[in-house]
Amino acid sequence: MTLNPVWIVDDDRSIRWVLEKALEREAISFKSFSTGTEALSRLDDTPPSVIVSDIRMPGTSGLELLRLAKARNPEMPIIIMTAYSDLDTTVAAFQGGAFDYLAKPFDIDHAVALIQRARTMAAAHATASPTSAPPSLPSPDMLGNSAPMQEVFRAIGRLSNTQVSVLITGESGTGKELVARALHQHSPRARGPFIAINAAAIPRDLLESELFGHERGAFTGAQALRRGRFEQAQGGTLFLDEIGDMPPELQTRLLRVLQEGEFYRVGGHTPVKADVRVIAATHQDLDARVLTGGFREDLLHRLNVVRIKLPALRERKEDITLLTQFFLKNVAAQLSTEPKRLTAAAQAALNGFRFPGNVRQLENFCHSMSVMSPGPIIDVADLPLEVRMPEAGGVEGEPNDAWAGALDHTFFTALEAGESAAGDRFTKEFERQLILTALRFTRGRRVEAAAWLGWGRNTITRKIADLNLEPELEKRGL
């Protein structure tokens, strides 16, 4: 079967050229357009089999092209490309009916394979669900260009028109509640309430009443009827964080609610309808807890209709720079100051840290550095102790070589740039940092600093002079 050409729509000539050459190799016919407006004007002539379009272009945007093309031909597969790889962009693309999503820079073989799949679908006349124009979405609170985060964004996008139960797994600090909120905000229940409860943070004997509420007189102290979190979440989403810590007897009650769609308040005799979407999260291995009897297998199956696994920050290191800049800007806005900036060495040191506390720990670091660093530039000496001295705060049994990674990164960059005598410059910079750190540790006592460095008194004096450190030491009060 001969298919109509694939359309490539992008204002970046180099992207069009790369895709054109790749499609030529696969003997796939194509047409290229530099604007969405031009492509839209040709849509009624000979419609394409597949559209591959950038999002941000002059004139008609990729999302607008997606919407209008889908309105004319709901079955047409449309692949969206963008260099702005945030959650809202991904969700908007999927809500607009996109076949899939390509984050730039992309692997060309992956892009061609995706186009082939879209053409296969077009040939089989598979039906894609059309949607109305995507809603105006809020500012992104989840960021990530890494492949693992792009998979998370895709999952949220694909779930945006459903109300199925979702289980979110991942280490503490990876942002499980952010994902739950995003699932709610981009779901048909977005106008309803989002209610969160942490099963590990509420005493065992109070958790049942907290979830299901109680009738007046149900127990000592129950002086009035109280609506629980299930009732508060009616028409919306209930987020059950740390579900793995829920006591067995409450697991049974929760399973009954999910099966029957109703529950009883503590001490009550009248069933209450549960019009609630449940999203659960845990840092534990629930499959292992099922095997040991710590978690009900039937409840796991009810909760685990779709599972989203959040990567640890050490598994998405390419996102650390982006997240650091985002958090520094947020802190600056709160303090009504200009955002502080990291030197290349400081950023490389952060990138090399293992972050056992994940994104939450990075956010805390950014707060600390914004408040505690003396100037507008954050250098390695201004980083938190855990980063400068990994043995003080790394993961036990897993050595952290942040300083070596920082040195490797910056020195290699200098060599790539063809810098002559780079070794001499880095040696001086290394000694400079050693002296500044030692003097900060000894509060300016030079003889004591020399002893810590393993130098003599005359050596530290000579090096301070050779490196012209006196002005900086005076500025720092050392």
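## The nonpolar core

The largest nonpolar core has 30 residues. Those with the most contacts inside it are L211, F230, L238, L240, I243 and F295. Seen by element, two or more residues each come from β7 (194-198), α8 (204-212), β8 (237-241), α10 (248-260), β11, α11 (286-291) and α12 (297-303). Helix α10 gives the most, with four residues. The model is predicted.

Take L240 as one example from this core. Leaving aside neighbours within four places in sequence, L240 is in contact with I197, L211, L254, V278, I279, A280 and A281. In soluble globular proteins, nonpolar side chains tend to be buried together.

## A strand covered on both faces

Strand β6 spans residues 166-169, and both of its faces are covered. V166 and I168 are buried on one side. L167 and T169 are buried on the other.

Strand β6 pairs with β11 (residues 277-282) in parallel, through four bridges. There, T169 has T282 as its bridge partner. Strand β12 (residues 306-309) also runs parallel to β6, again with four bridges.

## Salt bridges

The count of salt bridges comes to 27. One of them joins K104 to D10, with the closest N and O atoms 2.8 Å apart. K104 sits in the loop between β5 (100-103) and α5 (108-123), and D10 in the loop between β1 (6-9) and α1 (13-25), so the pair ties together parts that are 94 residues apart in sequence. K104 counts as buried because its relative accessibility is 17%, under the 20% cut-off. D10 is buried too, at 0%.

R265 and E231 also meet in a salt bridge, at 2.7 Å from N to O. R265 lies in the loop between β9 (262-263) and β10 (272-273), and E231 in helix α9 (residues 229-232), 34 residues apart. R265 is buried at 14% relative accessible area, and E231 is buried at 13%.

A further salt bridge links R432 and E472, whose closest N and O atoms are 2.8 Å apart. R432 belongs to helix α18 (residues 422-441) and E472 to helix α21 (residues 470-475), so this pair connects parts 40 residues apart in sequence. R432 is buried, at 17% relative accessibility. Elsewhere, salt bridges link D100, R117, E151, R154 and R158 in a network.

## A nonpolar patch on the surface

L335, V371 and M372 make a nonpolar surface patch of about 330 Å². M372 is found in helix α15 (residues 358-372). With 64% relative accessibility, M372 counts as exposed.

Key:
Residues are numbered from 1 along each chain as its sequence is written. This is a predicted model: local features need pLDDT of at least 70, side-chain atom pairs count only at pLDDT 80 or more; totals for chains, interfaces and linings use all residues. Side-chain values use heavy atoms; hydrogens and water are left out. Patches are made of residues with over 30% relative accessible area and no salt bridge: like charges are joined within 9 Å, nonpolar side chains (Val, Leu, Ile, Met, Phe, Trp, Tyr) within 5 Å. Accessible areas come from the Shrake-Rupley method with a 1.4 Å probe; for residues, only the protein chains shown count as cover. A salt bridge is a side-chain nitrogen of Lys or Arg within 4 Å of a carboxyl oxygen of Asp or Glu. Buried means under 20% relative accessible area, exposed over 50%, partly exposed in between (1.4 Å probe, protein chains only). Two strands pair if DSSP finds at least two bridges between them. A nonpolar core is a set of buried Ala, Val, Leu, Ile, Met, Phe, Trp, Tyr and Cys residues joined through side-chain atoms within 4.5 Å. Contact means heavy atoms within 4.5 Å.
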